[in-house]
Amino acid sequence: MSATTTATADQPRKKLILNAFVEMCSGHQSPGLWRHPEDESYRFNDVDHWVELAQLLESAKFHGGYDVYKGPRNLEPAIISGAQWPVNEPLAVVPAMAAATKNIGFGVTVTTTYEQPYHLARRLSTIDHLTKGRVGWNIVTGYLDSAARNLGHSQQPQHDDRYAVAEEYIKVTYKLWESSWRSDAVILDRERGIYTDPSRVREINHVGKYFSVPGPHICQPSPQRTPVILQAGTSKAGKNFAAQHAEAIFVAGHSPSVVAKNISEIRELARENFGRDPQSIKFLALLCPVLGRTEEEAVEKFKYYRSLGSIDGALALFGGWTGIDLNKYGDDQELRHVESNAIRSAVEGWSKATPEVSKWTKATVGQHITVGGLGATPVGTPAQVADQMERWVREADVDGFNLAYAIKPGSFKDIIDLLIPELRKRGLFWDDYAVEKGTFRENLYGKKGQSGPPADHPASKYRWNAGVDAADHKIPDDE
């Protein structure tokens, strides 16, 4: 859920986006914090909880199971700590949140690995209709073997294979959303009894390596047709996918230097390989601010959060995110010197961000991610946190922030009451939505009428516009 902001002349020349990062579960990026007396994460099964959260975020003008740790197939640490377990299906609650709001956008994570594109295209078109064009699709390829096992596979496909599937998958959805129906296919001619002109609906007849989808799409064109495309992968395959398709990209690291190179590379790939405006791609850095009216208040709050956090839950999440089981290392073993390049690299990044930590063990790692996960966790006054945000914009070229919470909704209330006024004072946050009752994409770009993907986005070439005969609009052949 995000909101776009406009910087003044003496601030960075870009729009700043604030996205509330939540999951429909008992504990998201801060495992164990459900124990906090003010945390309401346990209400994740209650639709009123999500409606209240959407209304709270919109009032402030926001835009919008892990089982690796302690051995394969061991869910116990995640189950006990409530580390993203239990967790619900997110699309189901979005229409209720949208019905109680007018402007805020909703980005929903759905994988391309285990669901047929024809079915997902229908679900997302339906949600786009019901939200009046305020849905985005955060595309992931999956990364948990537990998901694969529960969906008929022995293990997940290899990383690059998953991206090859995703590449064909997204082009099938572009064809369904943009090429199967002409924009003016639904005519509602009561006199002649014609609801939809059949000459303006066609099959897509997609036959590829992974999918065979004749079509046509079963839904009429929704307000955006293609939802806002979001993405979070920064592997080589992930960067190529993002550079071609993503309109906003989530990045995570404990300091700007960790993500700056990835952002620069993706912008350059977008320009060189795909002819896109690199500055049109919005990068949102994961941030979990802990705010106080004084620095002392913020530090005490952070210490209390840490005291409630679950080390086992944090390491269960770390195992799910990275595929690395830290349980095999000794309690006092220094992780800077282990054989795993991935662990050494992660620890090196944390060491640069927090040089005050003298020794990195699995307990240190677990404690480090109990509040805020793999993102940065600035602690301080609104001015101090705003300084850190400006540093991210300046050093990493981010366009905004994906704001995680320690407690919900308390962390968001602190952001609204303390941080946003400071951002507004600096000219970094707006007073209202760019397009009242606009689509997610209109408010993402701050441009009325930008309901569909921009002209340089690959989905735009698939659109069958009003007044164009089928013979004059060829469905792009991408296989």
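**Salt bridges and confidence in a predicted model**

Reader: What makes aspartate 431 and arginine 424 a salt bridge?

Author: Their side chains meet at 3.3 Å, N to O. A salt bridge is a side-chain nitrogen of Lys or Arg within 4 Å of a carboxyl oxygen of Asp or Glu. So 3.3 Å qualifies under the 4 Å limit. This is a predicted model: local features need pLDDT of at least 70, side-chain atom pairs count only at pLDDT 80 or more, and totals for chains, interfaces and linings use all residues. Residues are numbered from 1 along each chain as its sequence is written, and side-chain values use heavy atoms, with hydrogens and water left out.

Reader: Why is aspartate 431 called exposed?

Author: Its relative accessible area is 62%. Buried means under 20%, exposed over 50%, partly exposed in between (1.4 Å probe, protein chains only). Aspartate 431 is therefore exposed. Arginine 424, at 30%, is partly exposed.

Reader: What makes arginine 200 and aspartate 184 a salt bridge?

Author: The closest N and O atoms are 3.7 Å apart. Arginine 200 lies in the loop between β6 (194–196) and β7 (206–207). Aspartate 184 lies in the loop between α6 (159–179) and β5 (186–189). The pair therefore ties together parts that are 16 residues apart in sequence. Helices (H or I, at least four residues) and strands (E, at least two) are DSSP runs, numbered from the N terminus.

Reader: Is arginine 200 buried or exposed?

Author: Buried, because its relative accessibility is 19%. Aspartate 184, at 23%, counts as partly exposed.

Reader: How do you know that arginine 271 and glutamate 268 are separated by about one helical turn?

Author: They are three residues apart in helix α8 (residues 256–274). Arginine 271 is partly exposed at 42%, and so is glutamate 268 at 35%.

Reader: Where is confidence lowest, and where is it highest?

Author: pLDDT is the predictor's confidence in each residue, from 0 to 100. The lowest mean is 44, in strand β1 (residues 2–6). The highest is 98, in strand β12 (residues 290–291). The chain mean is 85, and 82% of residues reach 70 or more.

Reader: Over which residues does pLDDT stay under 50?

Author: Over residues 2–13. There the model has 47 contacts (heavy atoms within 4.5 Å) beyond four places in sequence. Where pLDDT is low, the predicted coordinates should not be read in detail.
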